[in-house]
Amino acid sequence: MTSSDSNNISVLRLGHRRERDKRITSHLGLTARAFGADEIILSGEEDNSPIETWTSVTSRFGGDFDCHYEPKPLNFLRKISKTKSSTIIHLTMYGQDLEEIIPKIPNDKSMIIVVGGTKVPGEVYGLSDYNISIGNQPHSEVAALAIFLNTWVGRIDSSEKFNGGEIKVIPSIRGKKVFVAEEE
Ligand code: SAM
C-alpha cells in the first residue's frame with residue numbers, strides 16, 4: 001500500500017513533557033521524517049529543543065520536513081474532524097488492527113497521525129477517523145509510528161525524498177561513507 005505523493009502526512013505529538021520526553025520526542029520527529037512524513041506538530045509543553053534538532057537534521061540531511069508548535073491540539077483536531085480536510089489516524093494499543101484498517105484508509109487525502117505521550121484525552125478517540133493498534137500490547141510511540149509509516153508509505157526513494165541536504169550517506173559494507181556538498 002502506498003500513499004499518493006501529493007498528499008501531506010503530518011504527525012501530531014500530544015502531551016510532550018519538556019524534561020521527561022526530551023529524547024523520545026526528538027526521536028519521534030526524526031522517525032517521522034525518515035519514514036516519509038512531511039511534518040511534525042509538537043503539543044504539550046512548549047519546547048524549542050526538538051524543533052531545533054528536527055530543523056538542523058533536515059538542513060544537513062535534506063528534504064522538506066516542517067515542524068512547529070501547536071498550543072491547542074484539541075481545537076486543531078476538532079477543526080480537522082469537522083471540515084474533514086484530513087484523515088485523522090490515532091495510534092493506540094486499544095484500537096483496531098493495523099492490517100485490517102489499512103485498506104480502508106483513503107489514499108487521495110492528507111493524513112494526521114496522532115500519537116500520545118501522557119494520558120491521551122478520551123475525546124481524541126472520537127475525533128479520529130481510525131483508532132489503530134500496532135498489536136494490543138503497550139510499547140512506544142516511536143515504534144508505533146515507524147511501523148505505521150513503513151506499512152502506509154512503503155519504501156522511500158532517498159535520493160528523491162531527501163535531496164538538497166549538506167550530507168548524503170553512501171551505503172557501504174563497512175565504515176562510514178558520506179558525500180558532503182561543497183558550499184557555494
Ligand atoms: N499512557 C498513555 C495512554 O494512556 O494513552 C499511553 C502511553 S504510550 C507510551 C505513548 C503512545 O505510544 C500512545 O499514546 C500511542 O500513540 C503509542 N502506542 C503505544 N503502544 C501502542 C500500540 N500497541 N499500538 C499503537 N500505538 C501505541
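Buried, for this talk, means under 20% relative accessible area. Keep that cut-off in mind. The model is predicted.

Start with helix α6. It runs over residues 141–153, 13 residues in total. From first C-alpha to last, α6 reaches 17 Å, close to the 18 Å expected.

Now, which residues of α6 are buried? They are Glu141, Val142, Ala144, Leu145, Ala146, Phe148, Leu149, Trp152 and Val153. Remember the general point: an α-helix has 3.6 residues a turn, so residues three or four places apart point the same way.

What covers the buried residues of α6? The cover includes three strands at β4 (86–97), β5 (110–115) and β6 (130–133). It also includes β1 (9–16), together with helices α1 (22–34) and α4 (98–101).

Next, the ends. Serine 140 caps the N-terminal end of α6. One of its side-chain oxygens sits 2.9 Å from the backbone nitrogen of valine 142. After α6 comes glycine 154, with a positive phi near 80°.

On to the ligand. There are 19 residues around it, and Leu91, Gly116, Ile134, Gly135 and Gln137 come nearest. The shell divides into eight nonpolar, nine polar and two charged residues. β4 gives the largest share, three residues. β4, β6 and α6 each supply at least two.

Now the backbone contacts. Leucine 91 places a backbone N or O atom 2.6 Å from a ligand oxygen. For glycine 116, a polar backbone atom is 3.1 Å from an oxygen of the ligand. Glutamine 137 has a backbone N or O atom 2.7 Å from a ligand nitrogen. Taken alone, the ligand exposes 570 Å², and the protein buries 78% of that.

Notes
Residues numbered from 1 in each chain as written. Predicted model: local features only at pLDDT ≥ 70, side-chain atom pairs only at ≥ 80, totals over all residues. Heavy atoms only, no water. Helix = DSSP H or I, 4+ residues; strand = E, 2+ residues; numbered from the N terminus. Expected span 1.5 Å × (residues − 1). Buried < 20%, exposed > 50% of the residue type's maximum accessible area, 1.4 Å probe, protein only. Contact = heavy atoms within 4.5 Å. Polar contact = N/O pair within 3.5 Å; in protein donor to acceptor, adjacent residues only side chain to side chain. Near = heavy atom within 4 Å. Areas by Shrake-Rupley, 256 points an atom, 1.4 Å probe, with all protein chains shown as cover. Nonpolar A, V, L, I, M, F, W, Y, C, P; charged D, E, K, R; others polar.
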